[in-house]
Structures are given as C-alpha cells and as structure tokens.
Amino acid sequence: MISDILHKLLSTISNQWTWRWDFINEKDELARAVFTISIMLLLSIFFYLWTFNKSRNQITAPLPPGPCGLPIVGYLPFLDTNLHRQFTELANQYGPIYKLWLGKKLCIVVNSPSLAKEVVRDQDTIFADCDPPIAALALTYGGFDILWAPYGPYWRTIHKVFVREMLSNTSLEDTYSLRRDEVKKTIRDLHSKIGTAVEISEIAFLTEFNVVMSMLWGRTVDSQRAESVGTEFRALVFKILELLSKPNVSDFFPILARFDVQGVEREMKRLSKWVDRIFDPLQSGMSRREGDQGWNEEQREEGFYSDPVGTQGAGRCCNTNYSATN
C-alpha cells in the first residue's frame, strides 16, 4: 500500500515538474505560486504518512480516546482561550482521560478526582518527570531546578535541602523574629502613607520578598538595598512569567527548536542573566562576610544561607539554581 502511494506521489511530482518547466519560460507568476503550494502539500502529506506508518510499526501501549485534529499541527488550531471549559466539554465526550496531539507533543488530559489522585499521589514517582518548555530550560540552565529537574538523585537532594532548610518547624521557629520584623516594617510604612493611594499587590510582593531575603541572608541586607532589589525583581518576575506562559512553536515542534523562531529562548537567557546580576552581589557579599569575619553559630542561625550541596564548587549553574530553589 505504501509503495503504491509513493509511486503515485512520484508520478504527480514528475508531472508537476514538466508543467513547471513550461510555465517558467512563460513567466507565469500565478502558476509558480500554485506549483509551490502543491509541492508543499505533497511533502506534508508524504511526511504525515511516513510518520503514521512508523508509529504503527512501533510497539506501544494503547492510548486513550481523543479528538483527531489535523495532520502535523494536531489539535492546536482548535484550542480555545478558556481551556478549562474546553477540556471539560471534551471530557464529557471522550471520558475522564483522553489524549490531545499538540503538534508533535502527545498530551494526556485527566479530568477526574480519582485519576488525579492516582497520578499525583499513588503513582507520583512515575509521573514525577516534567516536559519543560524551552523557556524553562533556558531560565534554569537546562532544568537544574526543583520544579523542572528530572526525578532522580539530584532532584531528591535539592528537595531534601529545600524541606530541611526552609520548611522544617525548627527553621521556621528560628526565623520567626525575622518574619515578624518585616511585617512590622510593612505596617509602619503603610501607616505613614495614610490618605494616599497604595498598590496592595506590590506591597504584598515586596513584603514576601523581604521575608525570604531575611530568611536566606539574615540581617545582613540593609532595608534600602532590599527594597530596590525587590522592586527590580518584581518587574523581572512578571517578564519571566509572561515568557513561560507564551505559546512557543519550538515546544510543539522540537525540530524547530534550534532556530528559536519566536526568540523566546534568547529573551529568557537575557532575563536569567538579569537574575544573576540581582542576586550574585548579595550572595558574594554574604560569602565574604562569612569567611572574613569568622561568623559564630548564633550569626549563622540568623539566616538559612549555607552551601549544603556544594554549590560554590559546582559552578555558576548550580549556584544560581540553589538560590532560586530556596
């Protein structure tokens, strides 16, 4: 069957080429356009048939049902802006678990509490690996992050560090005074602005940022420096989130990733360098104070910052990601 299809395609291309030779001499621009489109369609159909035949020959587990979509692009042209509503409608049609082809990416949608429990709790080690977008890989230097790193020894190590150094009851109790001081400072600032308009989202973000900064570096960051860094970092976070949520053709068609058609990877790398410029001076200053002044245990307990996974000797990649992880 495949050989017959190939024979027909070659015959059609041969006829098209003869026609092309005739109208080139006549300089018929319309015919050139028709010929170009026909060649592109034929190549697309041939590629789709080759991919389909190759996938059929591979031994794979049966997939759940789902909408067919179009060749090459899959279901991408039919996606709505309200994905949650559209996914619910598709679940009513295909069941609580169904598949979607988005370009070359196969997506499985789960729309049931029992199946969600199975995925995120009962079988969490199987589904722990994520498929990070190009923007996330560029931001985290190839996925070296607690969110995007593949499940394995490295992920387990940074997860233990995060839980032990940031979320344990002992650590939270030791830094209670730091959090209390930051909240009091925010309340005083708001009290001094009575009668003027304030932006609650910015104040909340800066307060949370200063709390984390105090928990990481103790009382070594002065308030003016922390506020300026917080304002700059807030603008940076919005830009990063915008890029992460932006549809990228390289994510749906990995063969185009090397070309970076939309410039998402290039822009995210620029933002990651911006993150380094914000935090590297703080981290370097902390390391110098700890080495030059000979901190005692009480001073060390004022902040979480330490080097439990050897980030100082692991290079810039892990160093930056450890800061982002915390």
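Q: How many disulfides does the count come to in this predicted model?
A: A disulfide is a covalent bond between the sulfur atoms of two cysteines. In this predicted model, a pair of cysteine sulfur atoms has to lie within 2.5 Å to be counted. By this rule, the number of disulfides is 0.

Q: Is Cys68 buried or exposed?
A: A residue is called exposed when its relative accessible area is over 50%. The value for Cys68 is 73%, and Cys68 therefore counts as exposed.

Q: Which class of accessibility does Cys130 fall into?
A: Buried residues are under 20% and exposed residues over 50%, with partly exposed in between. Cys130 has a relative accessibility of 41%, so its class is partly exposed.

Q: Against which helix do the buried residues of helix 8 pack?
A: In helix 8, the buried residues are Leu178, Glu182 and Thr186. Viewed down the axis of helix 8, these buried residues fall within an arc of 75°, so they line one face of the helix. On the other side of helix 8, Ile187, Arg188, His191 and Ser192 are exposed. The partner against which the buried residues pack is helix 9 (200-217).

Q: Which strand gives the most to the lining of the largest pocket?
A: The largest pocket, with a volume of about 1,100 Å³, is lined by 36 residues, and Leu102, Leu106, Cys107, Ile108 and Asp131 lie nearest its centre. Among the elements that each supply at least two residues of this lining are strand 1 (97-102), strand 2 (105-110) and helix 10 (223-244). With 5 residues, the element that gives the most to the lining is strand 2.

Terms used:
Residues numbered from 1 in each chain as written. Predicted model: local features only at pLDDT ≥ 70, side-chain atom pairs only at ≥ 80, totals over all residues. Heavy atoms only, no water. Buried < 20%, exposed > 50% of the residue type's maximum accessible area, 1.4 Å probe, protein only. Helix = DSSP H or I, 4+ residues; strand = E, 2+ residues; numbered from the N terminus. Arc of directions from axis to C-beta. Contact = heavy atoms within 4.5 Å. 1 Å grid on protein atoms, 1.4 Å probe; cavity = no way out; pocket = protein on both sides within 12 Å on 5 of 7 lines; lining within 4 Å. Points joined across faces, edges and corners; volume = space filled by probe spheres on them.
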